[in-house]
Every structure is written in structure tokens, then in C-alpha cells.
Amino acid sequence: MSDVLEGRCLCGAVKIRVEGAHDPRAGACHCRMCQRWTGGLFLCFEADAEAVTVEGPVTRYHSSAFAERAFCSTCGSHLWMRDVEENGAPYDLMPGLFDAALDWPLRSEIYADRAMASVRLEGGHKRATRDEWEAQNPFIDGDV
């Protein structure tokens, strides 16, 4: 999809504009790293790198050998996770930053067998367990 999306962090210091290709469905992750980062579960949607414009104070944290997680330097709002090994990698943006994402369906769920009891998801979306996901993605160091 290529509608224009405008999002912002909690304090408004960081503004993100998506003007181009993106997937208007959320994906969920229940790995321990995402649980620690979000307090429960990680939700994201993918947008092509060339479609994303970011303004404001952003801090990037290399959370693994292959990925960075970014947050607003002022209020701490989570902004994205992104592969740093792949040049021009898409952004996995936090849907809660964008008002347009309020009605988006859930696309998929990974580490579904690791979900905290309080955030188990229902529905007919695609699911993968820890073993299934890590078998398909051998570069992942495991559920840390």
C-alpha cells in the first residue's frame, strides 16, 4: 500500500512520515528480547526504507548483531526495529505512532508459544513457534 502516513512519538518531538510502500497490517513478536523492550509484546508494520522520513531526536540501540531498535531521545517512545546488516533494509515501525493504524488487522505472530498469558492473541493469522521461526531464520541467536 502507498498511502501517506504521519506518526509521532508521545511528546511529539519525533515525527515519522511514510510516503510509499508499506504493509498496513501489524506483525507481533513474543520473544524475550521484545518482551523486555515493550513490557509485553512487540507490534510492528513494515515500510520500505525510501518511503520513511524521520525528524527529531532519535536514539538508536544495537540490540543484537543484526538489528537496531530506536526510540525518542526525549520521551522514550519506541519507534522502530531495523536490520543494520542489510543496506536499505525496511523499517519495522511501531503502529501505535500512527492514527491510521487503529483499524489494521494482525498479519502474523512469531514466538507464539512464548507469549505471556496476559497478551495471548486470538484469530486466524499466521503463527510460528520459537522453533519454527528460528529454523527459518538461522541468523537469530535464540530467544534471549
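Visitor: In strand 9, which residue is the bridge partner of Met81?

Guide: In this predicted model, strand 8 and strand 9, the latter covering residues 91–93, run antiparallel and are joined by three bridges. Met81 takes part in this pairing, and its bridge partner in strand 9 is Asp92.

Visitor: Which residue of strand 7 stands opposite Val58?

Guide: Strand 6 is joined to strand 7 by five bridges, and the two run antiparallel. Within strand 7, the residue that stands opposite Val58 is Cys72.

Visitor: In what order do the strands of the eight-stranded sheet stand?

Guide: This sheet is open and its pairing is mixed. Strand 6 (58–62) and strand 11 (126–128) each have a single partner strand, so one side of each is left without a neighbour in the sheet, and these two therefore stand at the edges. From one strand to the next the twist averages 25 degrees, and read across the sheet the order is 6-7-8-9-4-3-10-11.

Visitor: Which strands form the other open sheet, and in what order?

Guide: Three strands form this open sheet, with antiparallel pairing. Its edge strands, each pairing on one side only, are strand 1 (4–8) and strand 5 (52–55), and neighbouring strands are turned by 15 degrees against each other on average, with direction ignored. The order is 1-2-5.

Visitor: Where strand 1 and strand 2 form a hairpin, which residue in the turn has a positive phi?

Guide: Five bridges join strand 1 to strand 2, residues 15–19, in an antiparallel arrangement, and Leu5 stands opposite Val18 of strand 2. Six residues lie between the two strands of the hairpin, and the turn residue whose phi is positive, at about 85 degrees, is Gly12.

Visitor: In strand 5, what is the bridge partner of Ile16?

Guide: Strand 2 also pairs with strand 5, in the antiparallel sense and over four bridges. Across that pairing, the bridge partner of Ile16 is Val54.

Visitor: Which residues make up the covered face of strand 2?

Guide: In a regular strand the side chains alternate between the two faces of the sheet. Strand 2 has an uncovered face made up of Lys15, Arg17 and Glu19, while its covered face consists of Ile16 and Val18.

Visitor: Which residues does Val18 touch, leaving aside those up to four places away in sequence?

Guide: Val18 belongs to the covered face of strand 2, and contact here is taken as heavy atoms within 4.5 Å. The residues Val18 touches are Asp3, Val4, Leu5, Ala47, Ala51, Val52, Leu93 and Phe98.

Visitor: How many helices and strands does the protein chain have?

Guide: From the N terminus on, the elements run β-β-β-α-β-β-β-β-β-β-β-β-α. The protein chain accordingly has two helices and eleven strands.

Visitor: What radius of gyration does the protein chain have, and what would a compact globule have?

Guide: Along its principal axes the C-alpha trace spans about 40 × 30 × 30 Å, and 44% of the 144 residues count as buried. With 144 residues, a compact globule would have a radius of gyration near 15 Å, which agrees with that of the protein chain, 15 Å.

Conventions: Residues are numbered from 1 along each chain as its sequence is written. This is a predicted model: local features need pLDDT of at least 70, side-chain atom pairs count only at pLDDT 80 or more; totals for chains, interfaces and linings use all residues. Side-chain values use heavy atoms; hydrogens and water are left out. Two strands pair if DSSP finds at least two bridges between them. Axes are lines fitted to C-alpha atoms, for helices over the stretch in contact, and angles run from 0 to 180 degrees between N-to-C directions. The radius of gyration is taken over C-alpha atoms; the globule rule is 2.2 Å times the number of residues to the power 0.38. Buried means under 20% relative accessible area, exposed over 50%, partly exposed in between (1.4 Å probe, protein chains only).
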